[in-house]
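Subject: Structure for you

Hi,

Here is the structure I promised to pass on. Please open it first, then read my notes below.

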Amino acid sequence: MGVTLNWITDSVSGQVPEADPDRPALAFEDETPITYRQLRESEFAYATALQNSGTEKGDRVAVLMRNCIEYPQIFFGISRVGAVSVRLNWRLTGPELRFLLQDSGSTVLILDEEFVSRIEPVRHELPVRTYVIRGENVPDWAVSLTDFVDSGETGVFPELDPADPATIMYTSGTTGLPKGAVLTHRNLLALATIQCMMWQLDENTVAQTSGPMFHAAAMEIIVLPAMLRHGMGVFLGSGGFSLERMLEIGRKQRATIAFVYSHLMYDLMRRDDVEELVAPSLTQIIAAGDTVMPWVYEEFERRLPNARMDQTFGLTEGGMVCTRLRHQDAKGHESSVGRPTPLSEIVIRGADGEPVPTGEVGEIYTRNPGVSVGYWNRTEATAETFHDGWCRTGDLGRFDEEGFLTLAGRQKDMVRSGSENIYPAEIEKLLTSFEGVADSAVVGVPDEKYFEVGAAILVASVGVSIDLDAIREFLAGNLAKFKIPKYFVVVSELPRNASGKVLKHVLRTEYASLGSSPTER
């Protein structure tokens, strides 16, 4: 039927002569890596357990876990049985998780013990039939991960097709409701292939990621590509992240390539001990999230002359790695995100859908074999975003005469804070449901560390004084911490155009200096 994601472990069972099953495959923190043989054995064990629990091809299996060595093993096991993984952001609240589990129709939920308290209040509303808990304190409505995986002889698994869905990755939409981007086995292998070509990965590659496993940045970017070439992936524990810890792990595991969110490069290049922190083996850094400031390149050249830093641009549903600014091209193009990656196409279109001339700003459309096949259960959104393999990104940009792409803003009102995408509509809906708030708008304002943070502009109901502490407490019970605006401002009215739409560009300009100016917050 064709090659699928599980070729990565099938290949070490004899199909590819040079693939050594005892090569290290994955390392968690500074622990001893597991081998491809061990990964394959655990993959089959999880797949068998899922099959014995009634999981069939096409079923959705949700994972709500912090980074751990079991996470990728479960991911491959879900794939082996033909199910679709739904990797959930562990920062989300119970109501947010309820929506994702209902929307995906997940019938199995594998979660860490610490998240039981978020799931239990909404459990009666979920489609989940099997709960599997990693931890010691397991309620009577669940089974421990240890007991679950010790469930019998290896089963007979279904034949898979490259066009079968492999994972659903949720990304919030401008309506405030998250949408699940469906990625097939073909999508994931294509994305891995693009990166293997781009960064010349091989069996000696040790790829380190800095992100959580529910992010594409911690699995689909760098780690899966390295494993496709029988290299090794390295990932960190969740929570309490520090640059020092990441680089320490990189030294111990002898990382050769690392994925780093752009804002971390500022912290790194401001340090006096950069040369001591970065492993001699690390020769390639991939920065993503936002355009890196020119001074970072200058410092990088001076402090780490034996390494190089590339930038990328992409989005989960739009091909993930659509452009690349090579280290050697950065000088003179520092504001750019580079040229299209191998197998990728980009076109800039105007409001009429037609390509615009070089130098003019328009909406960025992307196309490569990794573009999502559509949104889960979102027919209208799929038709609006995807057409003939193209993805409408909602981002604005322009090409220069040399074919370098520069971002020019966002049609969507997304706030990009550090490594997280925040969509105002979801927050605004909650704010206006709070007693005493007549109107609200959330915009992104500059932040030295996170590039952008949220600012909530509120209008009080007549005769009401808004209690900002109460609003923060209310949001904390309904939103993940990273979504809660950093600043709150109370105004008499919001600027609107003739059709009643809030002029957010006016708000962004007016409150751009919030971080340095006093305000009611």
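I start with an open sheet of 3 strands, in the order β25-β26-β27, with mixed pairing. Strands here are DSSP runs of E, at least two residues long, and helices are runs of H or I of at least four, both numbered from the N terminus. Two strands pair if DSSP finds at least two bridges between them. β25 (437-447) and β27 (487-491) are the edge strands; each has a single partner, so one side of each lacks a neighbour in the sheet. On average, neighbouring strands of this sheet are turned by 25 degrees against each other, direction ignored.

This is a predicted model: local features need pLDDT of at least 70, side-chain atom pairs count only at pLDDT 80 or more, and totals for chains, interfaces and linings use all residues. Residues are numbered from 1 along each chain as its sequence is written, and side-chain values use heavy atoms, leaving out hydrogens and water.

Back to the sheet. β25 and β26 (residues 451-460) run antiparallel, joined by 10 bridges. Val445 sits opposite Val453 of β26. Two helices lie across β25, β26 and β27. Helix α14 (residues 424-433) runs at about 145 degrees to β25. Helix α15 (residues 468-476) runs at about 130 degrees to β27. Axes are lines fitted to C-alpha atoms, for helices over the stretch in contact, and angles run from 0 to 180 degrees between N-to-C directions. Contact means heavy atoms within 4.5 Å.

Next, a helix pair. The axes of α2 (residues 36-52) and α3 (residues 70-80) come within 7 Å and cross at roughly 60 degrees. That makes α2 oblique to α3 (under 35 degrees is roughly parallel, over 145 roughly antiparallel, 65 to 115 roughly perpendicular, the rest oblique).

Last, the whole chain. The protein chain has 16 helices and 27 strands. Its C-alpha trace spans about 70 × 55 × 50 Å along the principal axes.

Best wishes
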